[in-house]
Amino acid sequence: ISRRNIKDILRNQEQTRGISEDRFNKYLGMLSPLFDILIEDEVIENNPTLKIKKYSIIREPRKVLTEKEKIKVSNYLKENFYTFWRFMMIFSCSGAREVELLRVKIKDVDLKKLEYKVLIKKGRLNAIVTKPINNSVSYLWKEVINESKKLNDEITLSKPDHFIFSKGLTWGEETISRAQITRRWRVHVKDKLNIEADFYAFKHAYLDKVSEILSIKDAQKLASHTSDKMLRKHYAIGEEQRQIERLKKIDIPFFETKVKNILKIV
């Protein structure tokens, strides 16, 4: 398999299926690690996807929710689709991806410590990670867990291997697809409320606040990113402007003194 073969396949997809430049890049990015596996297994010697140029794409800024839209969406979902609202609030502060949060089981949650464990499968990272439960939504975590366990007056774990978010976004023994979350957001928010932002909008806003109040590194830790590149590009949407503002206000005495001396000479 040569580089030409891969390019012919991708060009064929452009011609026959009309895939976009963005989709072209994604296909190329997905093919590359597959050939890396073949190299590791000594099936082939070289990765034929290397040095195939990706399209240079100018991305539109991600749609964000205004403060009024946040309140509108939150109030509407809380009143009409409570379990979805609850999932949205927990997800936004969790630092996890949808698919990761949907894999969390009752036994993975420690309400006393306000922590939970989650399996992260992202890039080269494949590990069980401990994440914090934010105080502001801890009552919602407790609510979900307590729906699954109560015996006499003592709270007891009765179904530790059950998922905290199953059918109906309440606890159950079956995991559900993240596609259900996307569908709910499209039907209940985008279509009914005429909102353009996607389901991640609340999470983006939360991580941006973490970056502003604490640091970009803290937000990176919460999101389990191996670098801050993805965070700066997609999540910490206000960080660039904050950097500009910080640079405006920086006080460097050496340069201030130098400028004053120059003005005296003039």
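How many aromatic pairs does a search of the whole structure find? The structure is a predicted model, in which local features need pLDDT of at least 70 and side-chain atom pairs count only at pLDDT 80 or more, while totals for chains, interfaces and linings use all residues. Residues are numbered from 1 along each chain as its sequence is written, and side-chain values use heavy atoms, with hydrogens and water left out.

The search of the whole structure finds eleven aromatic pairs, a pair being two rings of Phe, Tyr or Trp (its six-membered ring) with centres within 6.5 Å, counted as stacked when the planes are under 30 degrees apart, as edge-to-face when over 60 and as tilted for the rest. One of these pairs joins Phe 87 and Phe 91, which are stacked at 6.1 Å centre to centre with 10 degrees between the planes. Both residues belong to helix α4 (residues 82–94), where Phe 87 and Phe 91 are four residues apart, about one turn of the helix; helices (H or I, at least four residues) and strands (E, at least two) are DSSP runs, numbered from the N terminus. Phe 87 and Phe 91 are both buried, a term that stands for under 20% relative accessible area, with exposed meaning over 50% and partly exposed in between (1.4 Å probe, protein chains only).

Tyr 116 and Trp 141 form a tilted aromatic pair, with 4.8 Å centre to centre and 35 degrees between the planes. Because Tyr 116 lies in strand β2 (residues 115–122) and Trp 141 in helix α6 (residues 138–147), this pair ties together parts that are 25 residues apart in sequence. Tyr 116 and Trp 141 are also buried.

Ser 166 and Lys 105 are 61 residues apart in sequence, whereas their C-alpha to C-alpha distance in space is 9.9 Å.
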